[in-house]
Amino acid sequence: MQQGFKSDISVVLLYAPWDADSQLARQEFDVTCRFYSKQIKFLAINCWHPGSTCRNHFTKLTRYPVILIYIQAGQEVHAIQYKGHLHADHIISFVTHVLNPISKIDSTSHLSRFKSNNDGLVVLCADLDTALGARLYKVFYSVAVKFLEYDAYREIKFAAVLNSQVSLYVTKVFPSLVLLNFNNSLVRDAFFYIEVKRLFPLLEE
């Protein structure tokens, strides 16, 4: 089972062969696998047998199927669960968001289009060439990935503005975290990882 976790991103299906939803998931999982087979490692595991390595590892497993995504980011491994519909189109879309959890905004025109096309945004304005900016981006990445577990269809977008001049169109504070919706914005302090943990307590898990 461990070999499924060696690539940068691994998608794991835990199933029970007798379960109808698992049988459906296997078909949709195969379609997803063929779509992304050159980029991502896929692994389907029969996790039904009591006493098996899988059941001993996933001790809290109470229903089937379960789709897990493991993301290797440097020395860290992020694990999230897919909770959307068991249809290949939805799973493929989810995996696409996992591959690209943060949109990079590099111009005012790009920023304008991004704001007009999305109702909910979480925007990081930071300079990645600084130690602080790199640290903030690392935390921001973790939040963007983990939040997919609660927003499988990415209704709330995560974006990074890495140009201080472009960021002036979002906030006068640089670096900062800005939460935007269709009619207002809320600016947070540069050390936003403290606020992020308050806003998204799931990071404490």
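Hi everyone. Let's start with helix α1, whose buried residues pack against β1 (9-15), β2 (41-46) and α3 (88-99). Here, buried means under 20% relative accessible area and exposed over 50%, with partly exposed in between (1.4 Å probe, protein chains only); contact means heavy atoms within 4.5 Å. Helices (H or I, at least four residues) and strands (E, at least two) are DSSP runs, numbered from the N terminus.

A quick word on the model: it is predicted, so local features need pLDDT of at least 70 and side-chain atom pairs count only at pLDDT 80 or more, while totals for chains, interfaces and linings use all residues. Residues are numbered from 1 along each chain as its sequence is written, and side-chain values use heavy atoms, with hydrogens and water left out.

So, which residues of α1 are buried? They are Ser22, Ala25, Glu28, Phe29, Thr32 and Tyr36.

Now for the aromatic rings. Rings of Phe, Tyr and Trp (its six-membered ring) pair if their centres lie within 6.5 Å; planes under 30 degrees apart count as stacked, over 60 as edge-to-face and the rest as tilted. By this rule the count is 8 aromatic pairs. In one of them, Phe29 and Phe42 have ring centres 5.5 Å apart and planes at 75°, so the pair is edge-to-face. This pair links Phe29 in helix α1 with Phe42 in strand β2, 13 residues apart.
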